[in-house]
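Please look at the model below.

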Amino acid sequence: MSPTIMAAVALLYVAALVYLGFRAYKNTHSTTDYLLAGRNAHPFVMALSYGSTFISTSAIVGFGGVAAIFGMGMMWLTFLNIFVGIFIAFVVFGRRTRLMGHHVQAHTFPELLGRRFDSRFIQAFSGGVILIFMPLYASAVLIGCARYIETSLQIDFQLSLILLSVVMGLYVVVGGLKGVMYTDALQAVLMFGGMVILLAFTYGKLGGIIPSHQALTDLPKRIDQEYQQALPEVQKIAPAGMGEAETLGWLQARLDELKLVKTMDDSKKAEFMAAHPDAGKVGALVKQYPQVVNKVAVTGVAKAGFRGWTRFPTPGTNFFYVLFTSIIMGVGIGVLAQPQLAVRFMTVKSQREINRAVPVGGIFILAMIGVAYICGPLSNVWFMMKEHGGVISVVKAGGNPDVIIPLFINDALPAWFGPVFMLTLLSAAMSTLSSQLHVIGTSVGRDVYEKGILGVKEHPRAVLITRLGVFLAIIATFIISVVLPEGIIAAATAIFFGLCAAAFLPMYVGALFWKRMTKAGAVASLLAGFGVSFFWLMFIQNVKGKLPALLANSLLGVPTILPDPIFGIHWNWVEAIMVALPVSTAVAIIVSLLTKQESPDHVRWCFEGIRKGAPTRSR
Amino acid sequence: MLGIDDFWVWSAYLLSLLSTLLCIAYGAVMWNRGDEVPSNETAQWAEEEDKLGKEL
């Protein structure tokens, strides 16, 4: 598809966003309008906004590519995202969050926690955590989106960053949460359409649901058979007397040399190839027999626990820890305490809206995450066809999982799907980003400045201060995107998810469900969750099972301070949430039980909204 | 099951579909429940907001 048509479609899309932002601006008159969309959001708009904020481009392209490597075991995350992220979040947390939030007149997630525990510190500290870490997370989304625009519309990366910031600035700063939610809903519809088409084409082209799954299940066997066919040719060039494992190791080493050569200039290339004649022979071999690379790749990941695309990895292996603790538990559970999502429950006027939002949210997440985690693994079946390369997806993508889904779409879907998928991805990124910017802005204005610094209940210029906060959030996110290396930003995103779960979840659950939880218990849990999470990510955890822990690497020169297994567990592969969340939960319970109960009047007041469903008394 | 051999994988596939069905069933049963009359406090809140808006 030509860039001109893509650009025309993108312009139409931007015009629609700006129009919705303007509509929201016309309907925004008060703080509640700006912060909570007037507490009058339509259930469809609320559910779609929740869903599209939940799903960013990385959930589709990044995690879809990861699923092409890990396989369909990732479907556990789909299940958790629907069951925990939608059903439990809406039915169990949504009702209480909305009732308590309305009753204590909270406008932001930190404000809800601060008022429940009658603590300015909790509100300001939580706002501060959001203020420091969310711009890093937001810049990861912004960079992903700008990189996509760079390749699809052929617009310079820096210019893409500026354009995105300006467009979002227009509708988030002026339109507030109404602007964010209106545009989110439009974006959700585009995302839904794009992903359903993708699923239909994928299953259609691969012969239907069961045949395509069966082909994926049979793939490791097929890879082995094809390798056996090429084995006589391999044996001709491999050193004599090697067993299969040794031969595959030798091939892997030669393929690594070939990868290295690609990064060299021409003069060095010739010199290197002359010194490594075997690399040249292997290069010629894999041109004729690409299936050899498949066998080498699958053998490599099998050592890390991979057993096939439709089988769960071997327990206790690197693949198992990454899939189970980071992806499934970290993302699946972490979503419950995301401030930009929890605040959505306070935007509707009654439980009926939340009830009606549940099916919309469930179907939406299935169509997003489910499709990405089905199509990612199935892309292997497609690329294994001789006419599409005869190699598995990760080989086709040169080892970079981020390009698997775009490659698959370019190769397997008709040309007209290009602009549709571009809109799907732009929508996914922008809907997440706009909500992040809104939450950062409200944290600056409402939680940190008004409550933390001024200590006032309601500033007369609250909307203006928050607009300024959102504006500053956009500028900060833009600067971070330009200045900081992408590695640090990726680590910060993981930190943010871990922090939200470990620092906020026990306090959030206690705030809504446990009257005995005290201010001291909440503060201790917040600090313990933050501290343990931060320490774990900085000194112990190798994010994605391989990246060095940031401070352990820079201060001590080691990838982790816990390289060896303890009690048979490789702790450096375990996600921070698995350690920090139990610690912060235990701290919350123990400190609450050891400290004096909060004033019964205050606790009664906080729970009054939930008890009656219709509060009667102000304070 | 569904062309997938491993119980731990096909069960996740089925659970994803079943949890979506659960969401749909919940929505269908609860569609008209949970409507509330705006509370005194909400009304008072809206009044204060209007006043504030006018002042701004």
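In chain A, α10(A) passes α11(A) in a right-handed crossing, meaning that the near helix is turned clockwise from the far one by less than a right angle. Helices here are DSSP runs (H or I, at least four residues), numbered from the N terminus. Helix α10 of chain A covers residues 244–262 and helix α11 of chain A covers residues 266–275; the two pack at an angle of about 160 degrees, with their axes 9 Å apart. That angle makes α10(A) roughly antiparallel to α11(A), a label given to angles over 145 degrees. The axes are lines fitted to C-alpha atoms over the stretch in contact, and angles run from 0 to 180 degrees between N-to-C directions.

From α10(A), the residues A:E257, A:L258, A:L260, A:V261 and A:K262 meet A:K269, A:F272 and A:M273 of α11(A), where contact means heavy atoms within 4.5 Å. By class, this contact has five nonpolar, no polar and three charged residues. Ala, Val, Leu, Ile, Met, Phe, Trp, Tyr, Cys and Pro count as nonpolar, Asp, Glu, Lys and Arg as charged, and the others, Gly among them, as polar.

This is a predicted model, in which local features need pLDDT of at least 70 and side-chain atom pairs count only at pLDDT 80 or more, while totals for chains, interfaces and linings use all residues. Residues are numbered from 1 along each chain as its sequence is written, chains are lettered from A and ligands numbered from 1 in the order in which they are written, and side-chain values use heavy atoms, leaving out hydrogens and water.

A:R344 is found in the loop between α15 (339–342) and α16 of chain A. With a relative accessible area of 1%, A:R344 is buried (under 20%; exposed is over 50% and partly exposed in between, with a 1.4 Å probe and protein chains only). Its side chain is joined to that of A:S49 by a polar contact of 2.7 Å. Such a contact is a pair of N or O atoms within 3.5 Å; within protein, one must be able to donate a hydrogen and the other to accept it, and residues adjacent in sequence count only if both atoms are side-chain atoms.

A:H388 lies in the loop between α16 (351–383) and α17 (393–396) of chain A. A:H388 counts as buried at 15% relative accessibility, and a polar contact of 3.4 Å joins its side chain to that of A:D411.

In chain B, B:L2 lies in the segment before α1 (7–30). B:L2 is partly exposed, at 22% relative accessible area. Not counting residues up to four places away in sequence, B:L2 touches A:I210, A:H213, B:Y13 and B:L14.

Terms used. Parallel < 35°, antiparallel > 145°, perpendicular 65-115°, else oblique.
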